Amino acid sequence: MQIVLHYLELSLFFRDQSSSVQTPLPVTVEKLSGVWHCTPRYVKLIVRKLCDLNWIDWQAGKGRGHSSVLTMRKDADELLQEVARSRVEQGEVREAMNLMSRFGTAVVKKRFMEWLSQGMGFSTKTVSDRLQDTLRLPVYRAIYTLDPANVYYAFDCHMTSQIFNTLVEYDHASKTIVPCMAHSWEVSQDAREWIFHLKKGILFHHERELTAHDVVYSLNRFRLNPKRYPASWMFQDVEQLEAIDPKTVRIHLQKPNYFFLRFLCAVYASIVPEEIAQKEGTDFSKQPIGTGSFRLVQRDDGICILEAFSSHFRGRPLLDRVEVLILPEMDEGCLKEPDWTSVRTSHGDTSIHSAELADDWCGSETVESCSTLLVFNQWKSGPQNHRGFREALHHILDRRQMIEDLQDNLMLPYPAKGSRTPLSESEPVTEDGLPDIDALLASSGYQGEPFHLTTNTQCQPEAEWIQQRCQSFGIHVVIQVDNAIHAPIHSAYDARLFGFVSNMDDESLLEAYQQENYLLPAFDEEMKTTVNELVQSIMRDPNEREQKRKLADLEEHIRETHSILFLVCKKSSASYHKSVRGVTINSYGWIDFHKIWFQPQALRST
């Protein structure tokens, strides 16, 4: 590979002097030392290797100080294509993209992206005398962690849910909790003692059988290390975890908690193998082992590869392999759509959803729980502490205008009046008549100082829209793009813009109000106390109707104080050819890999 880099560096250096190979070029050993950043002696070794490969001709200059003549014989563009494609096929996607970025011309990059596009979607090939069905898809965001106890972003949650399982699951269709790793459970009348009976024969990916001790270890991570795991609040009531026998777990709570079973459905509560997760010298977040329907076989900055786990306790997935190409620096939609074998979601090219689907394509969509929120940092002094300033921004940020201006960057959005509730078409976003914005800003003491807004890469278009919109009202917004998962509460930002995936249920709202990396900075001490007391009341209340009423009251109070501005709710969708079966969008807004299968080639025309 090193000699390839030397040749590409040579070609790049002479690019302006020669438009094609076979052009004699005068050069000195000293100049090549600068190109390759090495000694003259090592230059001669490189030249000899390139000559042996017949990639260059070299005529040494006669006498000290005389130029030699170098003729490039190998087409550097073809070499770059060949090497970059080889890197992708070997799973070294990041290396391939770096090579293209460094050495590729616009034409070469376009040709490479066309080739990459052709490889997206579904493919079948013979591996070891067996047909292997593979789904390859691009994702324009990084994977930060695959340790379920620490996941934050929706895509990390989705990938983790393919690798791990929980004791129980929440069925969004029936709105009930159903068995998963536990086949049954019992709860005491006061909701303080829970007993779970594990299914027999559940295997981890390294073929060891699940035991009650793994469950105890997995949940004890939160109880014993509350500051390490943001989701520890869900298990704050756990007083004792006990493995009664290899297949029975008892959990004793300090207080009644009628949300506890729902918390056990969360991806954070996934069960991990004790000896692997606590093994020193390994990074469980990068090389996890679970019991899920897919096992991780490769993960780096450029690609994540999952393969079907044949011994999964619910049966083997129909899909054999999933290859996720991670392209965070690339604009969404820059890859051309492949043929009908593709499965496309609104997390990719948003433009595909504005066009009508062809006769051979089907569509599926769901109102995703992703709401874009503007969360003010009440723990830092500034204009955002004043209700008048927050109210002014509420009226300045016209949600419908935002959607109209950013329609190519938003996936099927709707104006939001809450964390998970879209406005109807007839419902106004704000009150009739625009209030005196200048008066509201004046009441807050705002005098034109910078308003620091932090956001992540996914919400950057919305942040830039807010910046331009506020500028017309005299508010100077400074944007900082930061993809850190755990932003310090006392950091320098005045407001934070991010997308919150609420899963359309009450548990996710409680999560938003309790975890430090969500809405907590929006609350001053008084508001924080009020929120915590109400959340505690909700968890202790056995009446579901009362739980929902208290949650609605809490969100209404937040809207009235403008502690958080709800901007847009987003809808996820997928389009797929009629030969692609089992397409469902899960609670994270992504396609569930476990259920996908493809109609055989021989039946596609029937």
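The exercises below concern aromatic rings and the charges placed over them in a predicted model.

**Exercise 1.** Classify the geometry of the ring pair W233 and F263, and state where in the chain its two members lie.

*Solution.* Begin with the ring centres of W233 and F263, which are 5.1 Å apart, and note that centres within 6.5 Å qualify as a pair. Next take the planes, which stand at 75°, so the pair is edge-to-face. As for location, W233 belongs to the loop between α8 (212–224) and β10 (238–245), whereas F263 is in helix α9 (residues 260–263), so that the pair links parts of the chain 30 residues apart. Finally, W233 and F263 are both buried.

**Exercise 2.** Determine which class the aromatic pair F376 and F451 falls into, and which strands the pair links.

*Solution.* The centre-to-centre distance for F376 and F451 is 6.5 Å, and the angle between the planes is 55°. Edge-to-face requires over 60 degrees and stacked under 30, and the pair of F376 and F451 is accordingly tilted. F376 lies in strand β17 (residues 370–376) and F451 in strand β19 (residues 451–455), with 75 residues separating these distant parts of the chain. Both F376 and F451 are buried.

**Exercise 3.** Find how many aromatic pairs there are, name the members of one aromatic cluster, and identify the rings over which R262 and R496 lie.

*Solution.* The count of aromatic pairs comes to 18. One cluster is formed by W194, F196, F222, Y229, F235 and F260. Turning to the charges, the charged end of R262 is placed over the ring of Y170, 4.3 Å from its centre, while R496 lies over the face of F498, at 4.5 Å from the ring centre.

Key
Residues numbered from 1 in each chain as written. Predicted model: local features only at pLDDT ≥ 70, side-chain atom pairs only at ≥ 80, totals over all residues. Heavy atoms only, no water. Phe/Tyr/Trp six-rings, centres within 6.5 Å; stacked < 30°, edge-to-face > 60°. Helix = DSSP H or I, 4+ residues; strand = E, 2+ residues; numbered from the N terminus. Buried < 20%, exposed > 50% of the residue type's maximum accessible area, 1.4 Å probe, protein only. Lys NZ or Arg CZ within 6 Å of the ring centre and 35° of its normal.
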